[in-house]
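Welcome, and thanks for taking a look at this model with us. Below is a short tour of one chain and of the place where it meets its partner.

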Amino acid sequence: MSTLDFEITQRPDFAMVSVRLDAGETVFSEPAAMASMTPNLKMKAGLKGGLRKAMGRLFSGESLIVNTFTAESDPGEVTFAPGIPGDVEHYFLENNSLFLQRGAFLAHSEGIELSAKWQGAKGFFSGQGLILLKASGYGDLFFNSYGAILEIDVTDEYLVDTGYIVAFEDTLDYRVVVLKGSRPAKTLKNFLFGGEGLVCQFSGQGKVWIQTRYVHPFLSWAYPFRPVKQRN
Amino acid sequence: MEYEILAHPASSVARLTLDAEETITCEVGAMIAMTTGIAVTTTSGKKGGGGGFLKGMKRMFAGENFFLNHFTAEEPDQTLIIGPTLLGDVVFHDLRGGTLIIQGSSWLASDENIEIDATWQGWGKALFSGESMFWVKATGDGAVFLSSFGAIYEVDIDGEYTVDTGHIVAFEDTLQFKIVKAGKSLIGSFLGGEGLVCRFSGQGKLYCQSHNPPSFGKAIGPKLKPR
């Protein structure tokens with residue numbers, strides 16, 4: 001189901017979404033997500049939902065600004081592509097909520113509210129911002145990943161490395177637990193005893209979307225190739 | 001154990017289904033998601049087997065982690081999703097009694113009864129191959145999962161074959177190899193950007209990767225802020 005007429009192409013490595021807007025229709029996106037559009041669309045950048053909501057989004061790693069694209073008198077089309085190459089997934093919200101990992105929001109239709117949810121201790125211990133964006137309302141939501149997105153139907157319990165979570169339905173309960181040895185060692189202590197990874201333990205019934213790659217390990221891989229600063 | 005490669009070929013991961021008591025040994029950091037009936041143990045050697053401090057050290061030089069993760073299903077029908085760091089493919093190799101020699105970081109996972117060890121390729125090969133000094137040696141019967149940077153292509157060698165060292169993923173040890181200059185002269189080889197290459201001979205299977213991780217690192221590294 002959807003309210004928008006859309007098509008996701010180039011999955012799963014270079015996915016983007018094209019939205020065809022009827023006259024009078026509007027779609028909202030993460031800034032800089034617009035790749036191309038018909039010239040009749042009117043684009044407006046703004047703080048959607050007031051300053052407080054916007055600050056919340058900033059806190060969750062999303063931008064303060066949400067761009068608005070409106071087809072005023074004639075139909076038009078806009079294509080959104082995420083900054084990181086990867087996958088795009090569509091979810092239709094029917095007065096329920098979906099949690100998004102930081103950076104995963106791409107676009108949404110009218111009728112969707114975004115707000116940041118501070119996870120308190122859950123986020124604190126994860127150390128990698130399990131500060132989630134909460135999308136609720138009635139309409140279409142598009143989110144993106146690094147690597148491909150896999151959809152998992154959780155019927156009982158399921159564990160996901162926190163870095164690989166893209167989104168999950170709010171019908172699921174979750175808590176962050178330490179999984180010993182699951183990550184490469186970073187300090188001398190865990191060099192001797194094995195690195196610790198953090199996993200999110202989901203329970204209940206609902207869907208979780210995970211990504212097949214994670215940006216941080218790639219950055220750690222690239223780090224040794226950086227030039228060394230000259231010391232005078 | 002059953003397996004399925006998903007999101008092939010650029011964002012590949014392996015989804016493994018384990019029966020009760022089955023164990024798979026993975027590179028540390030490979031686990032993406034799993035069901036809750038799986039126990040994780042971390043060792044520096046074979047699961048339940050004798051010590052592996054030296055083996056651990058050797059693996060570290062091979063570009064692998066000091067530790068290994070063992071995932072053991074405690075209940076039937078458990079699933080585990082594993083994947084590598086870089087964008088690229090994952091392939092399954094059915095090892096039947098032979099030995100597979102794997103480029104440092106291309107080893108992703110293997111059956112528990114496969115012995116994982118680092119192998120020293122000799123000074124000449126170590127110094128000039130431009131890769132890690134050790135390779136990972138997998139011996140035994142069972143599944144081995146390999147990962148690549150970019151796409152993987154297979155070459156069935158019968159006779160001789162030349163590969164740039166950075167493009168090697170793994171090869172069967174029925175093949176001999178030596179490091180040779182790509183061109184006639186050493187300077188010419190380096191100016192041509194090929195440097196030293198691997199000259200295989202014999203009969204056996206070779207897995208190559210379309211992209212060379214050190215070349216990518218050297219291409220993007222200078223554009224990053226100094227550390």
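Predicted model: local features only at pLDDT ≥ 70, side-chain atom pairs only at ≥ 80, totals over all residues.

Two residues are taken to be in contact if their C-beta atoms, placed from the backbone, lie within 7 Å. Of the contacts in chain A with a separation of 6 or more, 78% are between residues 24 or more positions apart. The chain has 232 residues, and 42% of them are buried. Its secondary structure comprises 17 strands and four helices.

**A sheet within chain A**

One part of chain A worth a look is an open sheet of four strands, in the order S1-S2-S7-S4, with antiparallel pairing. Strand S1 (5–9) and strand S4 (34–37) of chain A are the edge strands, each pairing on one side only. On average, neighbouring strands of this sheet are turned by 20° against each other, direction ignored. Inside the sheet, S2 and S7 of chain A run antiparallel and are joined by five bridges.

**Where chain A meets chain B**

The contact between the chains involves 34 residues of chain A and 32 residues of chain B. On the chain A side, strands S12 (149–154), S13 (157–161) and S15 (173–183), together with helix H4 (215–222), each supply at least two residues. By residue class, the side of chain A that touches chain B holds 20 nonpolar, six polar and eight charged residues.

Strand pairing also crosses from one chain to the other: S13(A) and strand S4 of chain B run antiparallel and are joined by three bridges. Here A:Val160 has B:Ala33 as its bridge partner in S4(B).

| Strand | Paired strand | Bridges |
|---|---|---|
| S2(A), residues 16–21 | S7(A), residues 76–80 | five bridges |
| S13(A) | S4(B), residues 31–35 | three bridges |

Technical notes
Residues numbered from 1 in each chain as written. Chains lettered and ligands numbered in written order. Nonpolar A, V, L, I, M, F, W, Y, C, P; charged D, E, K, R; others polar. Pairing = 2+ DSSP bridges. Axes fitted to C-alpha atoms, helices over the stretch in contact; angles between N-to-C directions. Buried ≥ 20, exposed ≤ 12 C-beta atoms within 10 Å, placed from the backbone.
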